[in-house]
Amino acid sequence: MIHDLFQIGEPAEHRGIVIAPLYPRQDPVAAYVTLDEALAGGLRIRETSESGSVPELVVSNALTERVLLYDGEELVGAKQNRILNVSVLVDAKTTLTIPVSCVEQGRWSQRSADFDAAPHAASPELRHRKNLALQMQPLARGISQGEVWDAVYEKATRMGVHSLTGASSDTFAAYADSLRALEDAFPAHSGQCGAILAIGTSMCLDAVSRPDAFARLWPKLRRGYLLDALEHLDGTPMSPAALPMILGETRKADWSRQPSAGLGEDIRLRGERVLGSGLELDGELIQLSSFMSPDDHRQATRRIARPSQRR
């Protein structure tokens, strides 16, 4: 299935980072716009109430288009910054509640009525750890929060960043110049619908069904990729011949489906060497994220599902 959907393009390598574009083998069917497009058109994301609730937010889509909210996109403002726990396809003219995780542990005070979109998505390391915590109950509120806070704190500590509110966005801000210096080595390509990142022995795959949507998502995903890469610069790059491995392992994994937070079905996939998630609508794969890491076995044995204590 996966090999039928994507073709790997020519990889780019710079300072030990390898990123290859993915191209679709099939024309997209479902139409949708991205978060940034929708916010400009009037989409609103708010706290659930005046008092708020850490693990969920309310999305109001007044647009006539469906909106894809991508797993790991960061929302800034309101009472505290959050990331999306899962990918959600929000129907036109719809209001719904979505599961999120806090990435700013030290703030619980109103900065704005509505959320805005951060210029970055969560790094693959953080998304991988969150995904692992959510494998059995992807829509359950709060069960990934402890792992997310740990990942944010550990990243900031390793990178020497002090944040007054423990905000993940402060780590991105502290390394903004370093990230910009790497971005030009990994441009978007016409017709690209996804990408494979390889750092050392770990890989990450991200893809959507529409190349126009990926073109808008790529700057965010790339910043997340490069934040992880900053900790591994100038290492031995992975051979391009190894990149198809993540497609093969994703295809061989066990795939399970259940109702999503919006339209379509939430997908969870798990294999011996791969972990991932996605979103499917009427048999079309709308979004896919897949992770391969030598640490997966170790992480699987940890007790990582620790619910948030704040409500």
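**Group meeting talk: an aromatic cluster and a helix crossing**

Okay, let's start in helix 7: Phe214 and Trp218 sit 4 residues apart there, so about one helical turn separates them. Helices here are DSSP runs of H or I with at least four residues, strands are runs of E with at least two, and both are numbered from the N terminus.

Quick housekeeping. This is a predicted model, so to speak of local features we need pLDDT of at least 70, and side-chain atom pairs count only at pLDDT 80 or more, while totals for chains, interfaces and linings use all residues. Residues are numbered from 1 along each chain as its sequence is written, and side-chain values use heavy atoms, with hydrogens and water left out.

Back to those rings. How many aromatic pairs does a search of the whole structure find? It finds 2. Rings of Phe, Tyr and Trp (its six-membered ring) pair if their centres lie within 6.5 Å; planes under 30 degrees apart are stacked, over 60 edge-to-face, and the rest tilted. Phe214 and Trp218 are stacked, at 5.6 Å centre to centre with 25° between the planes. Trp218 and Tyr225 also have ring centres 5.6 Å apart, but their planes are at 80°, so that pair is edge-to-face. Together, Phe214, Trp218 and Tyr225 make one aromatic cluster.

Now, who packs against helix 7? Helix 3 (residues 124-134) packs with helix 7 (residues 211-229) at an angle of about 95°, with axes 8 Å apart. Axes are lines fitted to C-alpha atoms, for helices over the stretch in contact, and angles run from 0 to 180 degrees between N-to-C directions. So the two helices are roughly perpendicular (65 to 115 degrees; under 35 is roughly parallel, over 145 roughly antiparallel, the rest oblique). Pro124, Glu125 and Arg127 of helix 3 meet Leu221, Gly224, Tyr225 and Asp228 of helix 7, where contact means heavy atoms within 4.5 Å. Notice that Tyr225 from our cluster is in that contact.

Last stop, helix 3 itself: 10 of its 11 residues are buried, so the rest of the structure largely encloses it. Among the buried ones are Arg127, His128, Arg129 and Lys130.

Notes
Buried < 20%, exposed > 50% of the residue type's maximum accessible area, 1.4 Å probe, protein only.
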